[in-house]
Amino acid sequence: MQNWLSRQAQKQPEKVALVCGDLALSYRELADRAARWAALFRAHVGDDESGRIALCGSNRVEWIVAAHGAWWAGATVVGLHHRASKSELSFQLDRVEPSLVIGTPQTNDSSWPVISWDQARQRADQMETDLEAQPLDEDDVLTILFTSGSSGRPKAVPSTVANHLASGYGTADRLDVGTGDRWLCCLPLCHIGGLAIAIRSAIYGATVELVPDFDADEILELLQARPVTVASFVPTMLIRILERAPKKLHHHLRCVLIGGGAISAGLLRRARGATLPVVPTYGMTEATSQITTLSPAAPQRFFHTAGRPLPGLEIEIRDEHGAPLEAGEVGAIFVRGATISPGYLDATKRTHDARWFNTGDWGHLDDNGRLVIDPQRGERIISGGENIDPRQVEAALLSCDEVADAAVVGV
């Protein structure tokens, strides 16, 4: 299979691939930069097909260019959160054993080779661009991303080329997105919600509108000034946008995905009242982003649901003994299909089309097969789209001499 960026650069070289502020890169220009970064990575990875490039930093053009460069060289991209603590980064780096880390000073005490973003960009600019893109195999691990701590230490989740393709095609089918779309990305690229936008856009030949840092006022200005057709927000972002939005917001949006946390039907209706075409979605890293998404054409009476599974995915609700439940009965959410990761890094692999994955969430299916999430079950707390393990917070509080006992709950 041809590398997606290489294919788009040949098919539509002058089409805008990436926009960030005043910078716009065509597919030809993005491919040229990616090839230079690929040459830089090949110097570190060599011909090792298991090479891993860890990227640690906030959203920036170089993040996407570096990711494409890693795939161009046949390597795997590892996403690291730039706000993670030194101990968290050390744990994650030891887990994935990268060939090279590009990141912040917080990673400098690592035993792994580290260069800064500025150093990497300067070296890449000096490289030749004659390195051909490596072909993609469906079983190749394209990304390794960490869950955001829903239960103890974050787990490393490898996702294959086949996983990302299935996710991209399923999203295209549900949302009717493709080459003509411009997708706003203000979610962290180190998480699946952000990185999937860059990958899908390369598959479709669409445009990524990248925002380095989320600011509601800047987002509103951008939506009115740029031809953005699709956007992805977590509920906190949507709330802040609505607090500052005029009663009627002028934009080019066709669809706005809202996921990464509990979403109230009232919030979605309020957004629709402000002309934002919002739809709720439910997904996770292990499923390569979306599992269910409500159709943009669905009536508002279904806003309490997260929609039906994307094509190629199945959902089953089970009781505490593992027995399937009927529609309307609340239980554990299990999912299987082509987007499900083959298994956590170095753990026992599962066959995605034969075994069910326990999401750790609870909910039920309505009579039409739409998923309704039960946010009251389980220990996980979600804040700003980030999963928080309350046990870790409790442990930090209890480490203080002045604290006798502590309990952490979501509000």
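Predicted model: local features only at pLDDT ≥ 70, side-chain atom pairs only at ≥ 80, totals over all residues.

**Exercise 1.** Find out where E14 and R28 sit and how their side chains meet.

*Solution.* 
Step 1: Start with the contact. The two side chains, E14 and R28, form a salt bridge, at 3.0 Å from N to O.
Step 2: Now place them. E14 is in the loop between helix 1 (4-11) and strand 1 (16-20), while R28 belongs to helix 2, and the two are 14 residues apart.
Step 3: Check the cover. E14 has 54% relative accessibility, so it counts as exposed. R28, at 43%, is partly exposed.

**Exercise 2.** Work out which salt bridges E209 makes with R182 and R226, and whether each of the residues is buried or partly exposed.

*Solution.* 
Step 1: Take R182. Its closest N and O atoms with E209 are 2.7 Å apart, and the two form a salt bridge.
Step 2: Take R226. It forms a salt bridge with E209 too, with 2.5 Å between the closest N and O atoms. R226 lies in the loop between helix 8 (216-225) and strand 11 (230-233) and E209 in strand 10, so this pair ties together parts 17 residues apart in sequence.
Step 3: Compare with the cut-off: buried means under 20% relative accessible area. E209 is at 0%, so it counts as buried. R182 has 15%, so it is buried as well. R226 has 22%, so it counts as partly exposed.

**Exercise 3.** Look at R42: which helix holds it, and which backbone oxygen does its side chain reach?

*Solution.* 
Step 1: Find the helix. R42 is part of helix 2 (residues 27-45).
Step 2: Follow the side chain. It gets to the backbone oxygen of A73, at 3.1 Å.
Step 3: R42 and G69 are 27 residues apart along the chain, and their C-alpha atoms are 9.6 Å apart.

**Exercise 4.** Say which residues gather in a patch of negative charge on the surface, then count the salt bridges.

*Solution.* 
Step 1: List the patch. D137, E138, D139 and D140 gather there.
Step 2: Zoom in on E138. It sits in the loop between helix 5 (117-125) and strand 7 (141-146), and its 45% relative accessibility makes it partly exposed.
Step 3: Turn to the salt bridges. The count comes to 11. Salt bridges also link E62, D118 and R121 in a network.

How values were computed
Residues numbered from 1 in each chain as written. Heavy atoms only, no water. Patch = residues over 30% accessible without salt bridge, like charges linked within 9 Å, V, L, I, M, F, W, Y side chains within 5 Å. Areas by Shrake-Rupley, 256 points an atom, 1.4 Å probe, with all protein chains shown as cover. Salt bridge = Lys/Arg side-chain N within 4 Å of Asp/Glu carboxyl O. Lys, Arg positive; Asp, Glu negative; His and termini not counted. Charge placed at Lys NZ, Arg CZ, Asp CG, Glu CD. Helix = DSSP H or I, 4+ residues; strand = E, 2+ residues; numbered from the N terminus. Buried < 20%, exposed > 50% of the residue type's maximum accessible area, 1.4 Å probe, protein only. Polar contact = N/O pair within 3.5 Å; in protein donor to acceptor, adjacent residues only side chain to side chain.
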